[in-house]
Amino acid sequence: MKTHCQRNLTIKTLFWALIFLPLIISITSYAGSDDDDHSHDPSHGVIDDVKNYFKHIFEHDPHDENENAHGAENDHDKDDTTIAITDFTDFTELFVEFPALVLAHESVFIIHLTRLDNFQPISSGVVTLTLSGGGVETEVFSINKPDIPGIFRLAILPVHTVSRQLNLHFKGEEIDVIHPLGIYKVHPSQNEAEIQTIIEEAPVDAISFLKEQQWQLDFAVTPAVIAQLRQSIQATGSLRPRADGEVHLSAVSTGHLRSKGKFPYPGMQVEAGQLLADITPRLGTGVDLSTLKAAVDKARSTHNLAKQERQRLAKLWQAKAVAKSRLLKAESAEVISKTELNTAMRRYQQIIGGTQNNLTIPIIAPISGILAQVNVASGQYVDEGDALFHIVNLERLWLEARIAEADIALLQQPSGAWFTLTGFDSSFNTFDLDGSMVALGGAIDAVSRTVPLIFEFNSPDQRLRSGMFATVRVYTGKTTHGVVVPTSAIFNDGGQEVVYVMLGGETFQRRLVRLGMRDGEQVQLISGVEAGERVVSRGAYSVRLASADSAEVGHGHAH
């Protein structure tokens with residue numbers, strides 16, 4: 001029977017052979033392109049070297065070195081003593097395989113180290129194995145770099161036949177951790193090691209999925225934990241700005257729309273009080289530029305004559321040559337002519353884009369935000385009431401959920417909600433976004449038979465947009481406790497809800513599960529997984545594909 005270690009070595013042989021197969025084929029093809037006499041062709045020697053190298057690397061079992069040292073006395077069929085351990089710290093995952101410890105015999109540890117922040121192999125650092133306890137001095141063995149990223153190969157030679165505490169210390173890549181591996185006896189002989197070492201058999205449905213495969217994928221495992229979940233009801237909804245976070249600006253007068261600087265555009269960030277454009281009011285019908293210019297000239301001439309007449313009569317009145325009433329009438333005529341001149345000049349300056357002072361109507365942004373819509377262009381003629389700009393503030397948004405009439409009775413204290421949006425991989429939770437309930441509608445819509453429930457929340461990085469449709473789960477106020485895993489760990493396999501549970505570093509098992517309450521990115525498992533077990537939370541489909549190639553998987557145990 002193949003052991004867990006032997007089985008994985010066979011799979012690893014196939015794994016790496018597939019990677020180097022193009023190289024071997026290329027060399028073979030090159031050799032075949034020459035004449036038929038290859039007895040001295042150096043390319044054949046290269047091929048043989050490659051084949052022998054892979055045979056040595058991947059078919060070699062570390063504990064065979066210990067067995068060969070015993071010679072003919074161990075030629076009988078031997079039980080495998082390979083021990084496999086999986087251990088986790090807050091920062092690393094360790095998967096190590098090694099033969100039972102035998103006095104004065106070299107035991108080779110195949111050490112796989114994975115970072116838990118990204119589930120990638122550790123590519124540098126120092127690994128130290130220590131044997132301590134048993135009333136004798138501590139033995140220390142170390143290696144300062146991996147053979148390949150993630151895999152360290154370290155040989156130790158025990159010199160005391162006592163039970164020893166085995167620890168692995170890793171330091172590197174800003175990580176400093178210790179993996180306690182347990183207490184193991186150093187056996188006086190290989191025969192005794194084979195007799196006394198009991199290896200736990202893996203289930204017949206165990207799936208082998210190598211570390212080398214895991215590291216090349218978007219892969220992760222997560223422990224199942226006991227946690228509180230909040231009951232929720234489903235609803236449809238949409239996002240919109242809060243009541244004071246949206247403004248529609250329209251034309252307050254008929255006229256031409258102009259902007260001194262760059263004309264506003266959709267998506268432009270504006271600040272409260274910022275000038276967006278000006279409206280030059282309409283002058284009236286039947287008026288052209290020449291007429292306006294003539295009116296200005298006429299008004300100026302009339303004003304000059306009135307001014308001269310007033311000055312002439314003022315001198316005559318001082319000489320008592322005229323009555324004061326004539327002077328007063330002349331002064332009044334001068335004021336009227338001045339007013340008519342100013343009016344004519346103002347009308348003329350408006351049509352040629354004169355000064356801004358009291359001649360145009362400014363369009364000011366009343367709030368800060370983003371221009372969601374720009375309905376006009378620079379120089380466009382607008383009528384009173386025409387839509388100009390639409391400004392929305394996306395810093396805080398409203399989630400308007402439509403609660404079905406049949407679910408209203410379940411709402412005890414609707415304090416929050418979580419929701420998903422098309423195009424976003426993860427869900428959003430109002431509790432995480434400083435959210436709060438704004439209002440629950442007081443009337444059922446006659447058509448949809450729903451009532452609106454509004455929550456206000458911070459928009460993360462202002463990535464969300466007004467008008468987005470949402471699938472909403474509203475928290476009812478009721479809670480429960482149970483075994484919880486990420487929703488990404490659930491895999492629908494032929495209509496069955498399953499998860500893949502890690503039995504060891506390279507061994508997994510398919511489990512049918514029964515789902516309970518869902519709370520955002522977490523889901524309750526009523527059956528199938530126990531708290532503390534680790535499930536595949538990313539890459540479950542790849543494990544499923546590997547299960548089709550897995551036959552009998554041997555032993556191993558996990559801490």
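In the predicted model, strand β12 is joined to strand β19 (residues 387–392) by five bridges, and the two strands run in the antiparallel sense. Within this pair, His248 faces His390 of β19. The two strands belong to an open sheet of four, in which the order is β12-β19-β17-β14 and the pairing is antiparallel. The edges of this sheet are formed by β12 (246–250) and β14 (269–270), each of which pairs on one side only.

The protein chain as a whole contains eight helices and 32 strands. Of its 559 residues, 43% count as buried. Among contacts in the protein chain with a separation of 6 or more, 72% are made by residues 24 or more positions apart. The average pLDDT of the protein chain is 83, and 81% of the residues score at least 70. Where pLDDT is low, predicted coordinates should not be read in detail.

A further open sheet consists of four strands in the order β5-β4-β7-β8, again with antiparallel pairing. From one strand to the next, the twist averages 15°. Between strand β4 (residues 126–132) and strand β7 (residues 163–172), the antiparallel pairing extends over seven bridges. Val127 is placed opposite Phe170 of β7.

Phe170 also has a place in the largest nonpolar core, which comprises 27 residues; the members that touch the most others are Phe98, Phe109, Ile111, Leu129, Phe170 and Leu181. At least two residues of this core come from each of β1 (82–88), β2 (92–99), β3 (107–115), β4, β5, β6 (151–156), β7 and β8. Strand β8 supplies the largest share, four residues. Another core, of 24 residues, lies apart from it and includes Ala235, Val392, Leu394 and Leu433. In soluble globular proteins, nonpolar side chains tend to be buried together.

Burial is also seen in strand β15 (residues 275–281). Five of the seven residues of β15 are buried, so this strand is largely enclosed by the rest of the structure. Strand β13 (residues 255–258) pairs with β15 in the antiparallel sense through four bridges, and Leu257 has Ile279 of β15 as its bridge partner. Strand β16 (residues 361–364) likewise forms an antiparallel pair with β15, over four bridges. In this pairing, Asp278 stands across from Pro362 of β16.

Two of the helices may be described in more detail. In helix α8 (residues 540–547), the residues Ala540, Val543 and Ala546 are buried. These residues lie on the same side of α8, because they cover an arc of only 115° around the axis. Helix α6 (residues 289–318) contains His303. With a relative accessible area of 10%, His303 is buried. Leaving aside residues up to four places away in sequence, His303 touches Glu334, Ser337, Lys338 and Leu341. The C-alpha atoms of His303 and Glu340 are 8.3 Å apart, although 37 residues separate the two in sequence.

Backbone geometry draws attention to two loop residues. Most residues other than glycine have a negative phi. Glu174, which is not a glycine, has a positive phi of about 60°. This residue is located in the loop between β7 and β8, and Glu174 is exposed, with a relative accessible area of 86%. Arg449, also not a glycine, has a positive phi of about 55°. Arg449 is situated in the loop between β23 (436–440) and β24 (450–458). Its relative accessible area is 39%, and Arg449 is therefore classed as partly exposed.

Notes
Residues are numbered from 1 along each chain as its sequence is written. This is a predicted model: local features need pLDDT of at least 70, side-chain atom pairs count only at pLDDT 80 or more; totals for chains, interfaces and linings use all residues. Side-chain values use heavy atoms; hydrogens and water are left out. Two strands pair if DSSP finds at least two bridges between them. pLDDT is the predictor's confidence in each residue, from 0 to 100. Axes are lines fitted to C-alpha atoms, for helices over the stretch in contact, and angles run from 0 to 180 degrees between N-to-C directions. A nonpolar core is a set of buried Ala, Val, Leu, Ile, Met, Phe, Trp, Tyr and Cys residues joined through side-chain atoms within 4.5 Å. Buried means under 20% relative accessible area, exposed over 50%, partly exposed in between (1.4 Å probe, protein chains only). The arc is that of the directions from the helix axis to the C-beta atoms. Contact means heavy atoms within 4.5 Å.
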